[in-house]
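Student: Could we go through this structure together? I'd like to learn how the terms are decided.

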Amino acid sequence: MRGHACVAPPTAAIIPGKDKMTDHSSQHTAVDAAGLPAAGSIRSAPTRRKPRWQQGDLAFVTLSLAPAAVLVSVLVFVPVAYTFGLSFFEQNTLRRNWTFAGLGNFTEIMADPAFWRAFWNGLVYTLGTTLVAGLVGLIVALLLDRPFKGRGLVRALVIFPYIVPTIIVVFVWKFMFSSRGIVNDLLRQIGVTGSGVPWLGDDNYAMLVVILVSAWAWFPFVAITLLAALQNMPDSVYEAATLDGASAFSRFWNLTLPLLAPAFLIIILIRAIWAFRNFEVIWLLTGGGPIGATEVLPILAYREAFGSFRMGHASAIAVTLMLFVTLLALLYFRVGARIRRAMHGT
Amino acid sequence: MKHNHPFRPFALSVALGLTLSFPVAAQDVRTLQIMTEEISPESQAFYQLAADAFEAAKPGVTIEIDFQGNMDEALAVRVAAGNPPDIASMQLERLLTYADLGLLEPATWWFDKYGADVVPLASIPYKGVYWDIPYALTSEMWWYREDLFTAKGIAPPQTWAEFLTAAAAFNDPDNRFYGIAIPAGPGEWTAWHYEVFLWQNGGFVFDTELRPTVDSPESIEALNFLKELYQYSPPESVTWEWWDSIDAFSAEQVALSMYGGRLLVHTARDNPPLAEFTRVLDQPMGVMRAGPLSRKSHAIMANSPELDLAQAFIEYLMQPENLLPFLRTVPVHLTPPFVSYRTSPLYMDDPLIQLHPEDMQIVYDAVEYGRSLGWESPNHPPNNYAGALNASNILPQMVQRVLLNDETPEAATAWAMAEILKLQAEFDAQSAK
């Protein structure tokens with residue numbers, strides 16, 4: 001069963017010929033397909049007593065926010081600023097000496113093939129996990145949106161990979177891909193290989209396995225989020241399309257996909273941001289090997305800091321990583337804003 | 001509605017913060033922090049018992065034990081955070097790094113008292129000073145399946161050629177049984193298997209001036225031999241690390257596997273019938289006999305605020321009635337660092353040792369020809385590049401290039417030479433600052 005029919009399709013404005021549908025949104029406090037509050041519902045809210053901060057009680061507001069602001073500053077901004085500063089110094093992790101290096105750490109890491117290999121690996125890993133998790137999540141969401149017996153149970157089970165601790169996920173998959181694991185057993189039984197494929201030890205396959213395991217752990221988030229978006233789509237649109245003679249594929253292609261697009265895009269961007277700075281899955285599966293085939297920037301930074309004790313180098317790598325992730329985050333905000341504007345015609 | 005004072009939330013949060021941040025008044029409580037890499041459940045239980053007994057004997061003393069599987073990185077993190085433990089377990093390569101940076105207290109006080117009884121090479125002086133107190137020695141040996149060798153009428157191998165013949169004879173991939181365990185994962189364990197054959201072939205990673213020599217003819221030969229052996233290793237050994245060599249043996253997947261006595265302990269636990277047929281070999285004879293030796297020790301970190309307490313606890317741990325039961329938590333693997341303890345019934349009466357007491361002599365003898373990257377021969381100085389080289393993964397990658405990527409040993413060693421020289425230059429530049 002679909003969700004509230006009174007919730008307007010928020011992206012109707014970006015679907016050609018569907019602008020009229022945006023009219024309904026203004027009367028309800030709604031959450032749209034992208035998980036963003038429908039702007040109309042805020043604009044037309046009944047007149048209320050002004051909150052205290054609008055009444056000029058600035059001291060109250062400042063003091064209320066102060067503890068949280070201090071906490072966030074200490075826990076987030078100070079470490080970031082410290083890392084940023086450290087990237088301009090050479091420092092032995094153990095000795096904690098400070099020798100100014102200017103941009104030396106950055107020029108050194110940029111000249112290091114290991115850095116570019118890790119950067120490239122990070123891109124491949126990010127694209128791979130994002131696409132696989134996105135695609136599988138979309139398919140699962142579409143399946144779970146259809147009524148069938150036991151759907152509630154299946155929905156609960158789908159979330160399972162996302163809530164299992166990473167260490168358990170990794171060890172289970174590691175065993176499954178070992179020569180004694182089920183993957184090689186299956187390949188042997190169908191005669192593809194006799195001795196088994198060294199999945200995690202062969203640089204041709206290791207990244208593929210890392211991507212698959214990460215995507216398996218992450219697709220439930222995509223599926224559940226898209227399912228929520230699907231549940232918010234109005235039946236009336238589909239009923240109208242069916243009356244107009246649209247086929248099932250046509251309804252999926254021309255209605256479902258465009259309506260899901262904003263949520264999907266946001267999820268993909270979030271996933272890309274998370275994936276590019278992922279450490280634990282790769283570290284536990286391959287340690288960055290074989291021969292650096294799955295080494296990504298966080299692993300390289302970790303090795304530099306606590307293996308080679310070059311904290312300055314590690315900080316420069318971390319700062320570069322942070323800048324790239326910040327670019328992705330900016331893209332995320334821009335896309336989010338664009339979607340909001342498109343949805344609400346502002 | 002009651003009007004709250006605007007400062008009330010702030011005042012409450014400040015009050016709460018102050019309450020949480022002021023410790024309860026301490027009554028002469030002294031805390032000793034220990035970080036150790038002895039993480040087997042039995043060893044952990046022993047440490048805890050020892051700590052409890054020590055605390056009971058010294059009221060007001062609390063001992064906190066931090067068990068760490070990845071000691072190198074865990075200790076570095078604590079030192080970097082300005083919160084080092086008072087006592088840390090050491091291996092030679094780690095010790096050289098920390099001693100070099102002035103992060104350790106000398107162990108002269110202990111060697112002055114007990115040094116005469118210490119097994120030779122159990123601790124290596126660096127810059128003329130002993131920095132650590134050895135609590136165990138571990139010789140990495142080859143373990144073999146006596147039942148299989150007997151059934152096939154093959155004598156336990158003693159030379160490189162015999163090793164190769166034996167590995168080939170037992171290799172049966174169709175039945176998923178393999179001749180020998182040769183790890184090729186990305187970690188240090190892979191490098192150890194190369195170093196074994198390098199040393200046996202008369203080669204070294206560094207010469208006596210600490211210049212890299214991994215491109216020597218002896219090294220090329222060792223890599224070629226390793227590759228020959230590797231064809232008889234299970235396919236998944238491409239990712240193997242330390243414990244995989246044990247698992248492969250105890251799961252009856254291989255006929256030969258290198259490890260310390262922990263392999264016997266785990267086999268007895270996981271596959272009891274196999275323990276009786278789990279026998280140890282001398283390292284194979286190349287140009288000479290050589291094998292890896294782990295020196296396990298405690299060191300007191302520099303500027304420990306509890307120096308006297310740390311010394312007292314280490315002395316307490318090293319008493320035979322404490323140390324020998326501790327070593328028996330992983331018998332054969334953890335062997336006594338004192339000559340006088342080696343024959344003690346407190347150690348030798350262990351049932352696993354008594355399975356084949358004659359094997360214990362092979363393990364003890366292996367200490368005599370034991371090497372490590374931090375000290376490759378009696379002619380070498382302690383090598384303070386060893387820790388950085390281990391951390392860099394250059395040697396495992398060199399081996400992987402040969403075993404997995406089919407690069408020639410000449411090409412792989414040329415790459416490794418360039419990388420080691422670069423690493424040394426960076427290390428020297430950093431040390432000079």
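Tutor: Helices (H or I, at least four residues) and strands (E, at least two) are DSSP runs, numbered from the N terminus. This is a predicted model, where local features need pLDDT of at least 70, side-chain atom pairs count only at pLDDT 80 or more, and totals for chains, interfaces and linings use all residues. Residues are numbered from 1 along each chain as its sequence is written, while chains are lettered from A and ligands numbered from 1 in the order in which they are written.

Student: What makes helix 10 of chain B and helix 11 of chain B oblique to each other?

Tutor: Their packing angle is about 45°, and their axes are 9 Å apart. Angles under 35 degrees count as roughly parallel, over 145 as roughly antiparallel, 65 to 115 as roughly perpendicular and the rest as oblique. So helix 10 and helix 11 of chain B are oblique.

Student: Which residues make that contact?

Tutor: Two residues are in contact if their C-beta atoms, placed from the backbone, lie within 7 Å. Helix 10 of chain B brings I246(B), F249(B) and S250(B), and helix 11 of chain B brings R262(B), L263(B), H266(B), T267(B) and D270(B).

Student: How do you know which strands pair in the sheet of chain B?

Tutor: Two strands pair if DSSP finds at least two bridges between them. Strand 5 (residues 141–145) and strand 7 (residues 254–259) of chain B are joined by 4 bridges, so they pair, and they run antiparallel. Here W143(B) sits opposite S257(B) of strand 7 of chain B. The open sheet has 4 strands in the order 6-7-5-8, with mixed pairing.

Student: Why do strand 6 and strand 8 of chain B stand at the edges?

Tutor: Strand 6 (178–180) and strand 8 (278–281) of chain B each have a single partner strand, so one side of each lacks a neighbour in the sheet. On average, neighbouring strands of this sheet are turned by 30° against each other, direction ignored.

Note on methods
Axes are lines fitted to C-alpha atoms, for helices over the stretch in contact, and angles run from 0 to 180 degrees between N-to-C directions.
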